[in-house]
Amino acid sequence: MPQEPTITPPAPEGDDYLERRTLRRGSAGWVLLTGLGVAYVVSGDYSGWNFGLAEGGFGGLAIAMVLMGAMYACMVFALAELSSILPTAGGGYGFARRALGPWGGFLTGTAILIEYVLAPAAIVIFIGDYVESLGLFGLESGWPVYLVCFAVFLGIHLWGVGEALRFSFVVTGIAVAALIVFALAALPDFSVGSLDDIPVDSTAAGSSSWLPFGLLGIWAAFPFGMWFFLGVEGVPLAAEETKEPARTLPKAIRWSMGILVVLAVVTFLAAAGARGSAAVQEAGNPLVEALQPGGKATTLSRIVNYAGLAGLVASFFSLIYAGSRQLFALSRAGYLPRFLSLTSRRKAPYLGLLVPGTIGFLLAALSGDGARMLNIAVFGATISYALMSLSHIVLRRREPELPRPYRTPGGVLTSSVALVLACAALVATFLVDVTAAVIALVVYAVAVAYFGLYSRKRLVAKAPEEEFAALAAAEAELARD
């Protein structure tokens, strides 16, 4: 995308503009950030991925998981490099802003924001379902449960980022430990013959017991293969609250992805092999289903059920954090209304937390359709993946001498693989839920209209991501002279 001149009027807030929009520095090391990366995703191990069995069967979902895992692995290596170059709260928006100009930055940041506003709304509905199924406090899933979740966890975030990340780390640890317990408990019942027990659709091209819905089923399973990793790309959004971000962020991103790959393989094989793919393909809590032969609850199944709730809480909590930081960065730079980036005395972007939290609560309370909201989130995610991967390619080609404390193994080949697979995953969302994809496109179009007609001419040059891009433009101008 061509670079565009940024028209920036004097900031009405005065010289203290950035002072009123400052996050707490040095609040997180690589261990907490690794926990954050796992927290974004861990709920996907407990539910959601299994619906891909109904789209592609065991073989189809297995291939989709491998391909989507490759996409995420390639992308996080690229993001590790980009985050070492530009460690700011803008994350993907900041990377794309430097590489693709203001339009590229806005399109990327908006896609990320769609993902991180819709995903918590979906997950809180699943939390309500778990609370109801466990009989906790006699509550039924509905708006009172959603309201309590948003109020409590927003409150922890408003308290401070250090406290929030430590809370997330503890809850995530519980959820990961329970996944290990689940795998060990399911191992005695594992049978290879149970993996491919879904009836074969003989009319589907290339169908077999391993691919009961044919070759197209592999593609249709892409969005569900993503659920094992969806959200890990949010680690760079913590850059401005990190100790030594140029060194810490790449390390945390790599460790997060490594842990998630292990958890994905173990969970997938154990759940499908213990009870059979057919038994868990439509279960709301497939791990519990895998441990309940005949539908009878056991001590272990109850433990995993409670841990599933912990996993949902961890992802819900961390995704709220990610969404607030992306909104903060876009607002601080003027892409969205500037007042949304104001921070409190505890250096928390309070409106960046409360506004998307309110939107998420209303979406959950009014729709109650968690699956559709997750599909919309996946649509936004795949757009951002393609644009972030493209940003890495462009910066490598256009600015090869840019200081890079960390370099992506494989260079542009790695990010090119991520770009191709992200585009394939984007198209696959239409195979799963056309309505969700259309809704996401409409939201995206409204945001683009706002930027094109209004905020594009009101960007804030002193925002870190804009300064970084302006420096690149100045250096290019000097080189031409």
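Student: Which helix holds Pro250?
Tutor: This is a predicted model, where local features need pLDDT of at least 70 and side-chain atom pairs count only at pLDDT 80 or more, while totals for chains, interfaces and linings use all residues. Residues are numbered from 1 along each chain as its sequence is written, and side-chain values use heavy atoms, with hydrogens and water left out. Helices (H or I, at least four residues) and strands (E, at least two) are DSSP runs, numbered from the N terminus. Pro250 falls within residues 245–275, the run called H9.

Student: How far apart in space are Pro250 and Lys462?
Tutor: Along the sequence, 212 residues separate Pro250 from Lys462. In space, taken C-alpha to C-alpha, the gap is 26 Å.

Student: Where does Ala70 lie, and how far is its C-alpha from that of Val427?
Tutor: Ala70 sits in helix H3. Its relative accessible area is 28%, so Ala70 is partly exposed. Val427 is 357 residues away along the chain, and the two C-alpha atoms are separated by 17 Å.

Student: At what angle do H3 and H14 cross?
Tutor: Axes are lines fitted to C-alpha atoms, for helices over the stretch in contact, and angles run from 0 to 180 degrees between N-to-C directions. H3 spans residues 53–85, and its axis comes within 10 Å of that of H14. The crossing angle is roughly 50°.

Student: What is the orientation of H3 and H14 to each other?
Tutor: Angles under 35 degrees count as roughly parallel, over 145 as roughly antiparallel, 65 to 115 as roughly perpendicular, and the rest as oblique. H3 and H14 are therefore oblique.

Student: Is the crossing of H3 and H14 left-handed or right-handed, and which residues make the contact?
Tutor: A crossing is left-handed if the near helix is turned anticlockwise from the far one by less than a right angle, and right-handed if clockwise. The crossing of H3 and H14 is left-handed. H3 supplies Met71, Tyr72, Met75, Ala78, Leu79, Glu81 and Leu82, and H14 supplies Tyr385, Met388, Ser389, His392, Leu395 and Arg396.

Student: By class, how many nonpolar, polar and charged residues are in the contact of H3 with H14?
Tutor: Ala, Val, Leu, Ile, Met, Phe, Trp, Tyr, Cys and Pro count as nonpolar, Asp, Glu, Lys and Arg as charged, and the others, Gly among them, as polar. The tally for H3 with H14 is 9 nonpolar, 2 polar and 2 charged.

Student: How many residues of H14 are buried?
Tutor: H14 covers residues 370–398 and reaches 42 Å from first C-alpha to last, close to the expected 42 Å. The expected span is 1.5 Å times one less than the number of residues. H14 is largely enclosed by the rest of the structure, because its buried residues number 24 of 29.

Student: How many residues of H12 are buried?
Tutor: H12 has 34 residues and reaches 50 Å, close to the 50 Å expected at 1.5 Å a residue. H12 too is largely enclosed by the rest of the structure, because its buried count is 29 of 34.

Student: Is the crossing of H12 and H13 left-handed or right-handed?
Tutor: H12 (residues 299–332) and H13 (residues 350–367) have axes that come within 8 Å and cross at roughly 120°. The crossing is right-handed.

Student: What phi does Lys347 take?
Tutor: Lys347 is in the loop between H12 and H13. At 30% relative accessibility, Lys347 counts as partly exposed. Most residues other than glycine have a negative phi. Lys347 is not a glycine, yet its phi is positive, about 65°.

Student: Which residues does Thr343 contact, leaving aside neighbours within four places in sequence?
Tutor: Thr343 also lies in the loop between H12 and H13. At 13% relative accessibility, Thr343 counts as buried. Its contacts are Arg20, Arg21, Thr22, Leu23, Phe328, Ala348, Pro349 and Tyr350.

Definitions and conventions:
Buried < 20%, exposed > 50% of the residue type's maximum accessible area, 1.4 Å probe, protein only. Contact = heavy atoms within 4.5 Å.
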